[in-house]
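Here is a short briefing on a ligand site and a strand. Please look over the sequence and the structure first.

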Amino acid sequence: MATRLQTREMMASNQFSRRQFAGLAAASALGLSAPSAASGQTDRSRKSEPKRRARSTFPKGFLWGTATSSYQVEGAVNEDGRGPSIWDRFAHTPGTISDRSTGDTASDHFHRYKEDVQLMKALGTKAYRFSIAWPRVFPEGTGSPNPKGLDFYNRLVDELLANGIAPFATLYHWDLPQALQDRFGGWTSRDTSKAFADYSAYVAARLSDRVKHFFTINECSRFVHLGHGIGADAPGLKLPQAELNQVRHHVALGHGMAVRAIRASARAGTKVGPAENAVSCIPAIETPANIRAAEMAMRELNAGYLTVILEGKYPDTYLAGKDAPKFTAEDLRIISSPLDFVGLNVYTPDHYVIAAENERGFTLAPFPASFPHMKATWLRPGPETMYWVPRHVAKVWNVKSIYITENGTSGSDQPAADGTIYDVDRIMYLRNYLAQLQRATSEGVPVSGYFLWSLMDNFEWGDGFEQRFGLYHVDFETQRRSPKLSASFYRETIARNAVA
Ligand code: GBH
């Protein structure tokens with residue numbers, strides 16, 4: 001005999017299929033033959049839903065958005081006085097990008113931003129996270145600003161606001177001015193940290209009348225390791241460990257200097273924080289001992305980024321040995337300047353953790369070869385990552401405000417005979433991750449918003465155009481955008497403020 005709980009679940013799932021059916025029927029041609037779908041009629045029957053829905057919603061006012069980054073979507077690399085970035089140089093170096101593409105045109109967002117804002121509106125999103133290309137603003141990295149440098153961002157911000165979408169700006173999503181690489185060796189020098197703070201102050205002074213949230217640096221962890229450790233990203237360096245740790249320190253310092261510079265130059269009330277892809281540590285089985293072990297692993301494995309940013313010191317284990325970075329006490333004070341929020345990019349479980357009676361207090365389980373992955377082989381689906389990462393960050397470092405600054409997946413995205421991309425793999429991924437995010441918010445983990453990566457297909461770094469992360473498919477020949485089925489899923493989720 002079914003228990004009360006099981007009966008409730010069964011009833012709930014029946015309602016779900018009826019609702020879903022109605023939703024699909026109403027949404028002919030996905031209801032998203034954008035941009036005309038801006039009216040966004042969704043299924044009204046949810047009004048009459050019983051209590052279960054109320055408990056499974058996201059908090060009132062939860063901010064739903066999408067994310068992109070400058071080099072991945074803008075194109076227009078030679079327009080309006082933009083200088084070259086390390087990604088222009090890298091992508092134009094033979095052997096770096098799997099399909100030999102570059103970001104020269106990318107998704108042509110620079111010219112099509114108005115159309116793209118309508119795509120956001122059709123989803124019902126209320127926020128957009130984009131990044132500012134430093135070499136548009138300071139073509140030489142420092143010195144005289146390009147008089148037209150911020151024009152595009154001014155237009156974009158105005159267009160977003162006119163459409164009821166809040167702009168969230170990232171100051172560094174990896175497109176360092178090439179001039180700084182040439183002059184100072186880029187992030188191998190603290191001159192770059194200082195230059196980043198100056199550029200950030202300049203931008204914040206001019207945009208903070210309309211942009212209320214700034215992210216400093218996107219994913220220190222990735223561009224330090226891939227760009228400077230293994231040479232798979234720009235600037236393509238393979239530095240020895242001690243130098244790599246020094247680069248990481250300069251990046252953390254750049255973050256802290258930028259936080260201070262923004263506070264000094266922006267309007268009062270401007271909010272600032274990092275956007276980090278934390279090394280995610282998941283309790284392999286949810287026992288109190290494993291949870292505690294996963295928290296310890298979190299601190300230790302994020303030593304050079306979140307730990308130093310949020311604690312103002314490097315853990316002793318990180319400083320042991322000959323490869324430790326060189327720094328001053330003042331550096332640590334700058335790096336740990338108070339933040340308004342922490343942004344977290346969440347994609348995949350990095351480690352499943354088991355408590356152990358060893359020096360570290362934990363063991364990291366090796367991934368079995370049979371663990372599944374999405375189209376990108378690095379992207380293992382582990383939906384509970386979306387629960388544990390914000391929960392750990394809130395608990396371990398007492399963080400009071402969190403945004404999920406990226407989450408999403410690539411897919412093969414082949415159109416069916418009727419031309420539609422039925423990306424049910426992406427929907428499966430998103431549904432499960434969002435259910436875990438809802439679990440977190442329902443337990444009081446302070447996540448205020450979610451930015452789906454990505455609004456549309458774009459230049460996926462070393463994977464060129466071979467990995468597509470968009471809710472909207474982009475035909476890179478014609479630049480035509482069309483919604484995938486997942487766009488309907490996201491629109492429905494936003495409309496309900498609950499996982500669809
Ligand atoms: C984010 O990084 C980026 O911020 C964004 O620009 C990007 O488009 C998006 O995610 C999707 O990738 O060396 O082959 O094993 C995601 C986190 C961590 C993904 C490092 C790639 C290593 C790939 N990244 N990972 S590999």
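The ligand takes up the space of the largest pocket. The model is predicted.

**Ligand site**
- The ligand is surrounded by 16 residues.
- The closest of these are Gln 72, His 173, Asn 218, Glu 460 and Trp 461.
- The side chain of Trp 453 has an N or O atom 3.2 Å from an oxygen atom of the ligand.
- For Arg 222, the ligand atom is a nitrogen, at 3.4 Å from an N or O atom in the side chain.
- Taken alone, the ligand exposes 580 Å², and the protein buries 77% of that area.

- How many of the six residues of strand E4 (residues 213-218) are buried? Six of the six are, so the strand is largely enclosed by the rest of the structure. Buried here means under 20% relative accessible area.
- Strand E3 (residues 166-172) runs parallel to E4, and four bridges join the two.
- Strand E5 (residues 271-276) is also joined to E4 by four bridges, again in parallel.
- Phe 214 in E4 shows both pairings: Ala 169 stands opposite Phe 214, and Val 272 in E5 is the bridge partner of Phe 214.
- In a regular strand, side chains alternate between the two faces of the sheet.

Terms used:
Residues are numbered from 1 along each chain as its sequence is written. This is a predicted model: local features need pLDDT of at least 70, side-chain atom pairs count only at pLDDT 80 or more; totals for chains, interfaces and linings use all residues. Side-chain values use heavy atoms; hydrogens and water are left out. Buried means under 20% relative accessible area, exposed over 50%, partly exposed in between (1.4 Å probe, protein chains only). Two strands pair if DSSP finds at least two bridges between them. A residue is near a molecule or strand if one of its heavy atoms lies within 4 Å of it. A polar contact is a pair of N or O atoms within 3.5 Å; within protein, one must be able to donate a hydrogen and the other to accept it, and residues adjacent in sequence count only if both atoms are side-chain atoms. Accessible areas come from the Shrake-Rupley method with a 1.4 Å probe; for residues, only the protein chains shown count as cover. On a 1 Å grid over the protein atoms alone, a cavity is a set of points where a 1.4 Å probe fits but cannot get out, and a pocket is an open set with protein on both sides within 12 Å along at least five of seven lines; lining residues have an atom within 4 Å of a point. A molecule sits in a cavity or pocket if more than half of its atoms lie within 2 Å of its grid points.
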